[in-house]
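Reader: I'm new to this one. Could you walk me through how its parts get their labels?

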Amino acid sequence: MRLRLAGIALFLPVPVVLVLFTRLPLGVATSLACGVALMLTHRLYARPWALARAERRCLWCAGGVRAGTSLALRDPFGAGAWTACSEAHASRLRSVFGWAARHARLLQVGVLGSLASFLLAVPLASWLTSHPTAAQADASALFRLAIALTVLPFALLAPRAAPDHGASLSVPFPVHIQALIGSAAVLWLLRLVGTLWLCLGLWHVATRLGLSALTGTHAIGHTRMATESAVTIAGSHPFSTGNDTCLVHNGSLSNHNRLRETLRRHGERFQTENDTEVAAAYLSWRVRSGDTLKEALEHSLDDLDGFYTFVVGTRDGFAVLRDPIACKPAVMAETDAWVGFGSEFRALAALPGIETARIWEPAPATVYAWSRS
Ligand SMILES: [Zn+2]
């Protein structure tokens, strides 16, 4: 029991460092300095203590060992012989450390990379931004998210992995920290803190983006398989060229270069070479010239060459149009409560009331338009 308490006491600097980093209770400079000092000095006393008891304590459960199984492990501070109290606990350690060895890069970049970025970002945010508290909170939230996204896969997947029976495993993190309270307890802490930090980080991002205040009546989601233009963020849909018009397009336009020049002469501006942006600009130009959205889409049947299924969202509604050949898939569903569109039915399959919805394939060269009013 005394050994367990001593191990817990020696483990305590770890959560203290995390509190110092993420909550900055002593101000930015002092908190970070104390945290780094605690972190760097921890192994000077914790590692010798753990190594001196490595043959008497189980690395998995931190219980006492009489005749255990020996495990040779190499970590960033050197090689060491550790012990498990039973073959079952040795097997769990081989699973966890084997997974860690196979995912060493993920763990190193996820933990050390996040920590280094965070330790750089917090002082910079304090000195360079006009709202240091908000910038520090952002840095803390991103740090928590990055750590959570690194340790949760480890804590959840590693114990289920097949045991690695290699003669000496290379572990990418200090084993002595696990030895202080036992790997099993460390994994539980990682699951709990990882989940908490994931929630706190996501909550912070949602609050900063004001997601709770957002309301709406319609939304467009899109996954792009680029065939005609570069795979860049600039090519991502939807394209928005008017004040409240956005367009998602499945297909390709063959006359977009000529049309782009015509539209430029009419005052439309372009940011990419993407054909979909030309279609969006065409609709914006038509609406600006006095067309309704339905009329603009009907005109596009004359002026746009190529294959397309368009979904257009405006402030007041949305519309769907397929080209006269209609080779791109499309399916629509409608109930008294909502209208849905997808390239495949699976996009609509989870909607409430889909069992009784009217479902149909939009006809070629026909504009379907819905308005909120
Ligand atoms: Zn054990």
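Author: Two strands count as paired if DSSP finds at least two bridges between them. Keep in mind that this is a predicted model, where local features need pLDDT of at least 70, side-chain atom pairs count only at pLDDT 80 or more, and totals for chains, interfaces and linings use all residues. Residues are numbered from 1 along each chain as its sequence is written.

Reader: What makes β1 and β2 a pair?

Author: Seven bridges join β1 (residues 69-75) to β2 (residues 78-84), and the definition asks for at least two, so they pair. The two strands run antiparallel, with threonine 69 opposite alanine 84 in β2. A hairpin of two residues links β1 to β2.

Reader: How do you know that β1 pairs with β3?

Author: There are two bridges between β1 and β3 (residues 169-170), in the parallel sense. At least two is the cut-off, so that pair counts as well. Arginine 74 has serine 170 in β3 as its bridge partner.

Reader: Why are β2 and β3 called edge strands?

Author: The open sheet has three strands in the order β2-β1-β3, with mixed pairing. β2 and β3 each pair on one side only, which puts them at the edges.

Reader: Why are α5 and α6 called roughly antiparallel?

Author: Their axes cross at roughly 175 degrees and come within 9 Å, for α5 (residues 104-128) and α6 (residues 132-157). Axes are lines fitted to C-alpha atoms, for helices over the stretch in contact, and angles run from 0 to 180 degrees between N-to-C directions. Angles over 145 degrees count as roughly antiparallel, so α5 and α6 get that label.

Reader: What classes of residue make up the contact of α5 with α6?

Author: That contact has 15 nonpolar, five polar and no charged residues. Nonpolar covers Ala, Val, Leu, Ile, Met, Phe, Trp, Tyr, Cys and Pro; charged covers Asp, Glu, Lys and Arg; the others, Gly among them, are polar.

Definitions and conventions
Helix = DSSP H or I, 4+ residues; strand = E, 2+ residues; numbered from the N terminus. Parallel < 35°, antiparallel > 145°, perpendicular 65-115°, else oblique.
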